Amino acid sequence: YVLNRKVAFSPVVLEVNDHKLITKLIIVDQDGIERFCWERADLDARIDSVKLEIIKKLIEETNSKERSLLNYIGKKFYKEIKSLDQLTVPQWKYGVEALEEKKRKPAI
């Protein structure tokens, strides 16, 4: 198969969040036909009760303080976080990774 014409692509929608992460991207060709569409909706979604219980258990297992963890996560995401149930999915993942690392390498 031989392609007879050049195809040019350009983004028509490019949305980023406060952390400069792409949340939506739509690309069209030179004829205006949509060729690619991607959206990440979970960036601002709050964690569910299962994730909340997981992080609470990890806090307990690592003898961590909830307030210290919230401050740690807040610094990374440039946002004050007042309680665990306010965590978004990416913030939760960051906190869980930190707690799991602490669990693997406890302080001497």
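The model is predicted, so local features need pLDDT of at least 70 and side-chain atom pairs count only at pLDDT 80 or more, while totals for chains, interfaces and linings use all residues. Residues are numbered from 1 along each chain as its sequence is written, and side-chain values use heavy atoms, with hydrogens and water left out.

**Exercise 1.** Describe how helices α2 and α3 pack, and which residues make the contact.

*Solution.* Step one: find α2 at residues 66-77 and α3 at residues 89-104. Helices are DSSP runs of H or I with at least four residues, strands are runs of E with at least two, and both are numbered from the N terminus.
Step two: the angle between the helices is about 125°, and their axes lie 10 Å apart. Axes are lines fitted to C-alpha atoms, for helices over the stretch in contact, and angles run from 0 to 180 degrees between N-to-C directions.
Step three: this angle makes α2 oblique to α3, because under 35 degrees is roughly parallel, over 145 roughly antiparallel, 65 to 115 roughly perpendicular and the rest oblique.
Step four: list the contact residues (contact means heavy atoms within 4.5 Å). From α2 come Leu 69, Tyr 72, Ile 73, Lys 76 and Phe 77, and from α3 come Pro 90, Gln 91, Tyr 94, Gly 95, Ala 98 and Leu 99.

**Exercise 2.** Is Gln 91 buried or exposed, and what does Gln 91 touch?

*Solution.* Start with its place: Gln 91 lies in helix α3. Its relative accessibility is 3%, so Gln 91 is buried (under 20% relative accessible area is buried, over 50% exposed, in between partly exposed, with a 1.4 Å probe and protein chains only). Next, a polar atom of the Gln 91 side chain lies 2.9 Å from the backbone nitrogen of Thr 88. Finally, setting aside residues up to four places away in sequence, Gln 91 touches Ile 73, Phe 77, Lys 79, Ile 81 and Gln 86.

**Exercise 3.** Find which side chain forms a polar contact with that of Ser 64.

*Solution.* First go to the loop between α1 (49-61) and α2, where Ser 64 is found. With a relative accessible area of 17%, Ser 64 is buried. Its side chain makes a polar contact of 3.0 Å with that of Lys 102. A polar contact is a pair of N or O atoms within 3.5 Å; within protein, one must be able to donate a hydrogen and the other to accept it, and residues adjacent in sequence count only if both atoms are side-chain atoms.

**Exercise 4.** How far apart are the C-alpha atoms of Lys 24 and Val 13?

*Solution.* Locate Lys 24 in strand β2, residues 22-29. Val 13 is eleven residues away along the chain, and the two C-alpha atoms are separated by 7.0 Å.
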